[in-house]
Amino acid sequence: MSLEIKICGLSTLETLDAALGAGADMVGVVFFAPSPRNVDLATARRLAGHARGVGAHARVAALTVDAEDEALAAIVEAVRPDLLQLHGRETPERVAAVRARFGLPVMKAVGIATRADLGRLGAYEGVADRLLLDAKAPKGAALPGGNGVPFDWALLSGLELRVPYMLSGGLDPSNVGAALRLARPSGVDVSSGVESAPGLKDPARIEAFIRAARAAESEAREAGTHEITGRPADPNPAGDGLPSQPDEPCVVTVLNSFRTGPDENGHFGIFGGRFVAETLMPLILDLQKAYEEAKADPAYKAEMDAGLKHYVGRPSPLYYAERFTEHLRAGAGEGLGAKVYFKREELNHTGSHKVNNVLGQILLARRMGKERIIAETGAGQHGVATATLCARYGLKCVVYMGALDVARQAPNVFRMKMLGAEVVPVEAGAKTLKDAMNEALRDWVTNVHDTFYCIGTVAGPHPYPAMVRDFQSVIGNETREQMMEAEGRLPDSLIACIGGGSNAMGLFHPFLDDPSVKIWGVEAAGHGIPSGEHAASLTGGRPGVLHGNRTYLLMDDDGQIIEAHSISAGLDYPGIGPEHAWLHDTGRATYISATDKEALAAFQLVSKLEGIIPALEPAHALAKVIELAPTLPREHLMVVNLSGRGDKDIPQVAEILGTKI
Amino acid sequence: MTTRLATRFKACAEQGRAALVTFITAGDPDHDTSLALLKALPGAGADVIELGVPFTDPMADGPAIQAAGLRALKAGQTLAKTLAMVREFRAGEADTPVVLMGYYNPIYIYGVERFLKDAKEAGVDGLIVVDLPPEEDNELCLPALKAGLDFIRLATPTTDDRRLPAVLANTAGFVYYVSITGITGAATPDADVVGQAVARIKRHTGLPVAVGFGVKTPAQAAAIAAGADGVVVGSALIDALRGSLDAGERATPATVPAVTGLVSALAEAVRGVARAAAE
């Protein structure tokens, strides 16, 4: 994700042109009378129009300080900013109210001087779309920002926020590079640092600033990672007068974050978005709002945590698969054979990772007052998890399942019915997961008034891909802690199977910004990619639009979707979550594929060696572990997501192996 | 420049009646039958033609139009062939507007710029793309308007007064009011409720408002026509077409007349409302 550069406090067309010409991503106009950069509505309107003019792509931020609704309404009306920047003492409640009232993304500025100030960020994370970390104004200063004073950027090392943040305060062309080597913001914001006198922007300095910031950015990208261990020599030229925390080693990884997506419109690069019928649009916006509010509500988090612990049975173990490891080492060269761990998601209640996400969505549906839940399912794992939680909370549940999947996943169909759900076999199209999703969307569009659509993977219209990812990230977060406990360090690689990609994204996401961790996603190659009968959208597809998002899809030259094929009903989908598409294009993750045959062999091998019968879905990941682990050093720590258990696959596998049961 | 759509809706309004908007799927059940049907529609009384672009995954459509799309795809219909059909239709018919209705992926894969150029040249007047809400206007809506094609937006019962301005902002040609929450050809709309909804939309726009989804019979069309600028009938025409096919889902000599017969009855009903109102 490229660094966003914002030039703030512009007041003339000439300086605006300089900013646009130099490649600023965002420009700011200030509405605060005491500021020398203050502009009136007419000027701001003219500047904003210019910023949006032909050939210009900068977004416009309107900066206000403790402004009332009336003033904000006038600004929104006249300037049509892309973002509201709140730079006063606005409370989290006020930020939420402004965001709700004007329907615009909000960036809240928070002053930072000491580590203690970072504690204030949490309250704004759930309500603001992004944060701006600014230096605290000196005592007695008339202006809340733009005082040209930096703070100790090293305070931000290792800072993890759930929303993107911009760095601000005392940046200028000479120090922005150093700042970017210490902190990892999604963007930088400069005002007084590119002025020749207070309020007077200097085109040459604007250009120099952007050049310096971009240079630091590409330096970081080329280096991939750049670790500075120990305290940097002089990170704090202005000084906050406080000693830094000597007991905390400062390890700073300079890398543009892969964890800040999607943007406010649900885009991961070109992927994602909200490609749905108008009937659904208001619901999707409601859902997004409800999710943002829930995220910020400690009561929701507490309910989630309790449910994950007492009902789902988390944390799931991180298990060293010793016999599997030794078996692979036996066939490997000297010093080779990675140490393989299983993340035991198959031990969750209902037998797969799906329940993590369903719990989050069902609790959200309850908050929204929805009483009817619909879901699509492929292998039936998501359907079972949804039926289970609907039973637990007394909600009506309808599950759409392709007629072919109904036939090959009979045990799960029976389980859903036992749990009180209605299972609707879908006869349209290929009668698999894609058709089930079409039918679920048709139901939703018909029953919008009382129905919540519980999507089972990191796909669909925004906010689903991000929301499902957030719920599944518990997998990666636990893995991180458990591996630190077991080995005292991070894993060297992660590997997971991918249909839509929710178990993979849940494992991967917490590690995306750890460049030492190699990431493999395994798609289903069916009868082999050259056969054309597979479900490997990244390997064998191209970008298109289906089911509410842009992503890689299997399709013909006319844009008609091609039926996927996989032995595993859970991977039998012609698309993939948009964030995976983006990770694929950016190169952060590597996507490979395993055939039906390879998966079946891994299914049998792991059953015999570990006493764990994996589902056919993670058997695809295990198949590639069999291939990769022997090529890696013995000290290499590899985590495979054992996303589901194989009980449901027994009848199908027995049939393939020619055994009558 | 006055567009064909504006001219046609204005002419209907001057006659004191609603326009009859008919939907068929391009290439259903085969290319030649579909083209013959397309050419016969204006004579049967269609004021505006919506031509469905087949797609494998029509999420907003009911069983009738889903099946029509699959029949067309099976017979080899593609977006390029659909544009060629319009070109051929346009050679003999200068006045009846043609609106392509479908989903974004085939257009995206064809290439937006190339598609807009070819559609304009073929004589297409407008586009209805179900899965492109205003939030995705940069994709196709704005380029289409720039290229001189009307981009017709769907407004639905869930589009409240707060959202309506956003939905109408870049809409041109007419507004397509979806009379029910649901898929095409499903529940039958209540004419009174629809009339109120149309009036609500007309408080926000000067564009004509056509009503569709679930209008099946001439009587229903007449009831809707009393309170709208246009009535869209689709699934019922597709059902008539399907009823005329042989056991192998192939066209028969009865296929074109089965559809045009219903179109004539619908046209008469819609015009009948005008006579009643004029007297």
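Helices (H or I, at least four residues) and strands (E, at least two) are DSSP runs, numbered from the N terminus. Residues are numbered from 1 along each chain as its sequence is written, while chains are lettered from A and ligands numbered from 1 in the order in which they are written. This is a predicted model, in which local features need pLDDT of at least 70, side-chain atom pairs count only at pLDDT 80 or more, and totals for chains, interfaces and linings use all residues; side-chain values use heavy atoms, with hydrogens and water left out.

**Backbone features**

Most residues other than glycine have a negative phi, and most peptide bonds are trans.

| Peptide bond | Omega |
|---|---|
| A:Gly261 to A:Pro262, cis | near 0° |
| B:Asp28 to B:Pro29, cis | near -5° |

B:Pro29 belongs to the loop between strand 1 (19–25) and helix 2 (31–44) of chain B. In chain B, B:Phe213 has a positive phi of about 80° although it is not a glycine, and B:Phe213 sits in the loop between strand 8 (209–212) and helix 10 (218–225).

The domain assignment of chain A, whose bounds come from an automatic or database domain assignment, gives domain 1 (4–253), domain 2 (267–294 + 351–467) and domain 3 (311–349 + 473–656). Taken over C-alpha atoms, the centres of domain 1 and domain 3 of chain A are separated by 40 Å.

A search of the whole structure finds 13 cavities of 30 Å³ or more, a cavity being a set of points, on a 1 Å grid over the protein atoms alone, where a 1.4 Å probe fits but cannot get out. The largest cavity has a volume of about 330 Å³, a volume being the space filled by probe spheres set on the points, which are joined across faces, edges and corners. Of the 28 residues that line this largest cavity, the closest to its centre are A:His353, A:Lys354, A:Gly456, A:Gly570 and A:Leu571; lining residues have an atom within 4 Å of a point. Because domain 2 and domain 3 of chain A both give residues to its lining, the largest cavity lies between them.

**Interface and salt bridges**

Contact, meaning heavy atoms within 4.5 Å, joins 35 residues of chain B with 35 residues of chain A. The area buried between the two chains, that is, the accessible area (1.4 Å probe) that two parts lose on being put together, summed over both, is about 2,800 Å², of which carbon and sulfur atoms give 53%. In chain B, B:Asp57, B:Met59 and B:Ile109 lose the most area to chain A, together 20% of what that side buries.

A salt bridge is a side-chain nitrogen of Lys or Arg within 4 Å of a carboxyl oxygen of Asp or Glu. The structure holds 60 salt bridges over all chains, and the rule finds 3 across the interface of chain B and chain A. The side chains of B:Glu139 and A:Arg550 meet in a salt bridge (2.3 Å, N to O). Within chain A, the side chains of A:Arg37 and A:Glu195 also form a salt bridge (2.7 Å, N to O). A:Arg37 lies in the loop between strand 2 (26–31) and helix 2 (41–51) of chain A and A:Glu195 in strand 9 (residues 195–197) of chain A, so this pair ties together parts that are 158 residues apart in sequence.

Key:
1 Å grid on protein atoms, 1.4 Å probe; cavity = no way out; pocket = protein on both sides within 12 Å on 5 of 7 lines; lining within 4 Å.
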